[in-house]
Amino acid sequence: MTFTPPADPRAIAPSEPMVDSLDIAANPPRRALRLHRELDDVWRDEPGWKGFFTSVNHGTIGLRFMVTAFVFFAIGGVLAMLIRAQLATRQGAFLDLDLYNQIFTMHGTIMMFLFAIPMLEGLALWLLPKILGARDMAFPRLSALGYWCYFFGGSVIVLSLVFGVAPDDGWFMYTPLSDRTHSPGVNADVWLLGVTFVEISAMAAAVEITVTILRCRAGGMPLTKMPLMGWYLLGTAVMMLVGFPPLILGSILLEVQRAFDWPFFEVARGGDPLLWAHLFWLFGHPEVYIIFLPAAGALSTIIPILSRTTILGYGAIVAAVAGLVFLSFGLWVHHMFTVGIPHMALAFFSAASALVAVPTAIQIFAWIGTMWMGQVQFRLPMLYIMGFFATFVMGGLTGVMLAMVPFNWQAHDTHFVVAHLHYVLIGGFVFPMLAAVSYWMPLICGRWRVRGLGEAAFWLILIGFHGTFFLMHLTGLLGMPRRIAVYPDNPEWEWLNLISSIFGMITAAGFALFAFDVAMQWLFGRRSWRNPWRAPTLDWAMPLPAPSYNFASLPGPRHGDANALLPLARGEGLLPGAPRGWRETLVVEPGSGRPDHVAVLAHSTSLPLLTSAAIGSFFAAMLSGFYWLAPVGILLTIWAAWKWGDIMGTDRDHPPARVAPDLDLPLHFQRRNTLARTGTLALLLADGTLYASLMFGVGFLTVVAPNWPAPVSGIATLQNVIAALVALAAMALGLVASFRAETARTTPIGGTWALVGLGSGGLALAALAVLAYGLDDPTRHARDALRGVVLGFAVFHGVVASLLALRSLADHRQGRVSATRVGASPIWQLFQMFWLGTSAVSLVLIVAQEVLS
Amino acid sequence: MSWLWRALVGPVLWGVLFSVVYGLHGAGCNLGWTRVPVLFTDWHHMAMWLAWGVGLALHVVVLRVVPRGIPPGRSRWLIVAGAWIGLVSSLFTLFPVIATSTCL
Amino acid sequence: MLAGSTLITLLVGVMLILAVRNKGGRASERHWIWGWGLGFTLSVLTVLVGFSLWLGERMLARADDALEVSAHAAQWEWQFTQPGPGGVPVVTRNTLFVPAGASFDVVITSADVIHSFWVPQLGGKMDAVPGHANRHRLRADAPGIYEGLCAEFCGFGHNFMRFTVVAYDPALPMPDMSEAMAAFADNQAGILP
Ligand code: HEM
Ligand SMILES: [Cu+2]
Ligand SMILES: [Cu+2]
């Protein structure tokens, strides 16, 4: 790594500065190389294999996410080729029906859950701190935990294919096809448990991304001026927080039905298969926007830079993103237009699906206008962007067509839909991701690409793609349904399929060439000079390849864009070096970006790996049917979770950190509103959505499902009433204790309050156990099963809240609290509140059910 | 950051209104509200129209109230944009309550 | 709709080419974002949604005196109940008999998993969901034989879950239903696979 070349004078000037001019002086310049050594010692991964298992650095984890996602993409691609080979002729090539079902299910599942989502998570983890001007993500250990959950879960899913027990009910797993009766094997369990395990990584990433964007930006960077990528990923992360819980809930319910015969989706006992469809698509539609938004963020970043100008309509794009985030939760029923829902309800969703095209169109025209304004340079990323336009626009238009009810009734579940979904997914996600990879490769590996290969790969992919999928619209309109392996009686579909298959192989060749090109660049490319695209954003304000700590000193009011590369490397920015030998980054106020405090982040540790192994042991027990072993997995997980807290506090007060000559800020131990607190709020948003989905399930079954009202229940006993009231009272006492434990923390009374909180948590849990004992048999009717789940929800949160009470107690005992250090109680308060609140609502609901029936 | 919450009021109101009307629609069809006459129409239509009407009125209030006291600039622009997004969404996505048949 | 989509695709394509060839210049938000992005898109969509709702309304099954037949799906076959000779309801397997030239409602149910009733040449599809009875209005304008299939993936035999709709001329004598009836009866007796 060298530090000599001057910042390129031709970097595009941003039309407005990305940071406000706060009055913070610059730090004195230092020797860049010495600063680099100081920081790298602290930030780099441990050497060798150890580093592989213990890294928590966002650079490493983000890249690892992306590489793993590409490996899964390749596997999914091979499956796609098998599908195309099979469909090339009427009689099919070689797959039997059963295997074909596994293969298309796995293709869809891998592409959505093991490629697209992890790919965008990887990009976000890797890019965000760089483009926002921070040293790492807000919760480095969480990044690593997410990666390991993804890795283990994904491996199990893929391995199931090798053992011939892969999921085979389609990627949306409709019940009753996926219940025990109709899918007796372990296949469906692999899907439900595997995908849920992988989704832990999505939730982890979503929390992290939200907090990082809100609080880990360059000092003085207000939300209203942050790079658009920040807005896009904020939208994505919030959508993940709200979008994934319905799927997680659905998967839990279905797995419980399969394992313990609780009839949520079984008609005969008051369930309804449509509940699964609603929960799945309540996730499934937002999912496609979750995938699209980061890709659009990459486009909004790259297009202006390669057009040598700035983006047209920053404000309008932010508003469009907000519109997309909201509207995309009002579209899910367009996947269910044929299940027999009345026309007016279909009309709501049809109109909403059309309306969502408006914010999309606003972005498309903003991008075209930006190109009009500037001078487009046809570098490789720009080619992929052209590929995006040539593909996505059509996918969007067929999407609007499919949103029209009469047309949907005709085209639904045919190859027209297959064509549409690939135009959107490959056009709207894969092309932009290829653009993003080729754009950021120099920052990843410090090298410039080898000429020619990339262009060839692009043309192969573009031609191959349209050759494969364009005619598929026609195949669908001619009546070919999706998910069939042979079509002996329909010779008229054959030539279309044959053409699709041939071009499919060309597409595959293109992707292979792309991978080869990237490998060549990594290995043999010539060294790239700094900021090769002459971009203004902060991700290029660092040497290439990006150092482990990103910035030797952090960007701030005086150093707000890529032109500040050298001063930042010399330590003139904020919080230079690693004077305490810790990993530190700046935390700002969410809105204005004013520096607030300094967060001390975790060093390399194998705890995330162990934790995900503990969680994995639970999933493994469930999958193998050794249900009695599952509690061991839970205990292991609790043990690991406890360990996480061990390194979160400190037992002494620290002097403030010098951020700039005239600015000293406290370390996060001495702050109440920490990253952890913001993260808890984000997590509780997701948790609240999970609860709301559960309530939706209760309401839906009560109103819509056949075979209601449920049989007379026997829960209105005195014992149950007392237990419920005791539980609520104990939770309320715990809430008081959680606040008192904080306010009285400097006296021994604080510790006593924490003990009271722990005791009342235990009492509440005991009362809940009494309730569990007094419940109606949950296998009798869906109502009783749902009550079981509602109770389980309360128990789960009781365990979490009690663990936090215990942590608070430990804080008091170990001297981790003081006048300035609050310890774990603020987090405990939040969970305790949530526990009390949801339990009270549940109780009211069940009482209402009893009284009204 | 309070401007961000203000900008979200309109879209959130859309979300609530959309859920309420969709819920009323589903409940009405399954609980037989179409058979209960009210004035010149039935209770099912009435409930949805009322909800929609009240919702739209609230949207107009939001449009007028939330930007108050925020100095001109991008934050204010986004607040106004959010209020409009909510209003237009509620108008556009729920107008079927006056256009299509209910439970067929 | 297809033509409209093609036109819009071409339009965006031309704009893109012009934008790429334009060597720098002024661009206004009013023109690109408010004009094209919001104004143009929203107007096209309003018209489109209005039209599609109107069309959808006309396709609904209303309470009138249309003929009612039923389709009961099971892995992986169809049982149809329809008026036979003399108007007596008869049950058939994998063949549905309806008069041509008049609308009829199919009441669609399922015995096990979700299936979907679809006769591409007659109109849209409707799912067979366990626990629900869905009503679907169709009409065969001319007498003839129409191929139908199960459109919702329903497991191992999904590929072959096909059926036939025979639309007969109501003025002529009824077609011979005995074979399809026998197929049903044999199946009930466990003779057919
Ligand atoms: C070379 C690239 C690809 C080819 C040739 C291809 C081909 C296909 C085909 C032929 C089907 C229909 C299978 C059937 O209904 O019988 C299918 C389904 C699907 N594909 Fe792809 N695909 C490709 C890439 C992708 C990508 C990149 C994604 C997502 C990011 C994706 C997601 C899906 C999904 C979700 C399904 C539905 C699976 C189901 O029905 O359960 N595909 N693909
Ligand atoms: Cu959708
Ligand atoms: Cu079927």
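Donors here are N, O and S atoms within 2.8 Å of the metal. Keep that in mind for the copper stop on this tour of a predicted model.

**Stop one: the copper ion.** Select ligand 3 and show what holds it. The copper ion is coordinated by C:His115 through ND1, C:Cys150 and C:Cys154 through their SG atoms, and C:Met161 through SD, at 2.1 to 2.5 Å. Along the chain, these donors are spaced as H-x34-C-x3-C-x6-M. Now colour by secondary structure: C:His115 sits in strand β6 (residues 115–118) of chain C and C:Cys150 in strand β9 (residues 144–150) of chain C, so this pair ties together parts 35 residues apart in sequence.

Try the angle tool next. What arrangement do the four donor atoms make around the copper ion? The angles they subtend run from 88 to 124°, which makes it tetrahedral. For reference, the ideal angle for four tetrahedral donors is 109.5 degrees.

Are C:His115 and C:Cys150 buried or exposed? C:His115 is buried, at a relative accessible area of 0%, and C:Cys150 is buried too, at 2%.

**Stop two: ligand 1.** Select ligand 1 and its surroundings.

Zoom in on the polar contacts. A polar side-chain atom of A:His422 is 2.7 Å from a nitrogen atom of ligand 1. On oxygen atoms of the ligand, look for a polar side-chain atom of A:Arg482 at 3.0 Å and a backbone N or O atom of A:Trp171 at 3.0 Å.

Notes. Residues are numbered from 1 along each chain as its sequence is written. Chains are lettered from A and ligands numbered from 1 in the order in which they are written. This is a predicted model: local features need pLDDT of at least 70, side-chain atom pairs count only at pLDDT 80 or more; totals for chains, interfaces and linings use all residues. Side-chain values use heavy atoms; hydrogens and water are left out. A polar contact is a pair of N or O atoms within 3.5 Å; within protein, one must be able to donate a hydrogen and the other to accept it, and residues adjacent in sequence count only if both atoms are side-chain atoms. Donors are N, O and S atoms within 2.8 Å of the metal (3.2 Å for Na, K and Ca); water is not among the atoms, so sites may look incomplete. Four donors count as tetrahedral if all angles lie between 85 and 135 degrees; four count as square planar and six as octahedral if opposite donors are over 155 degrees apart and all others between 65 and 115; anything else is irregular. Helices (H or I, at least four residues) and strands (E, at least two) are DSSP runs, numbered from the N terminus. Buried means under 20% relative accessible area, exposed over 50%, partly exposed in between (1.4 Å probe, protein chains only).
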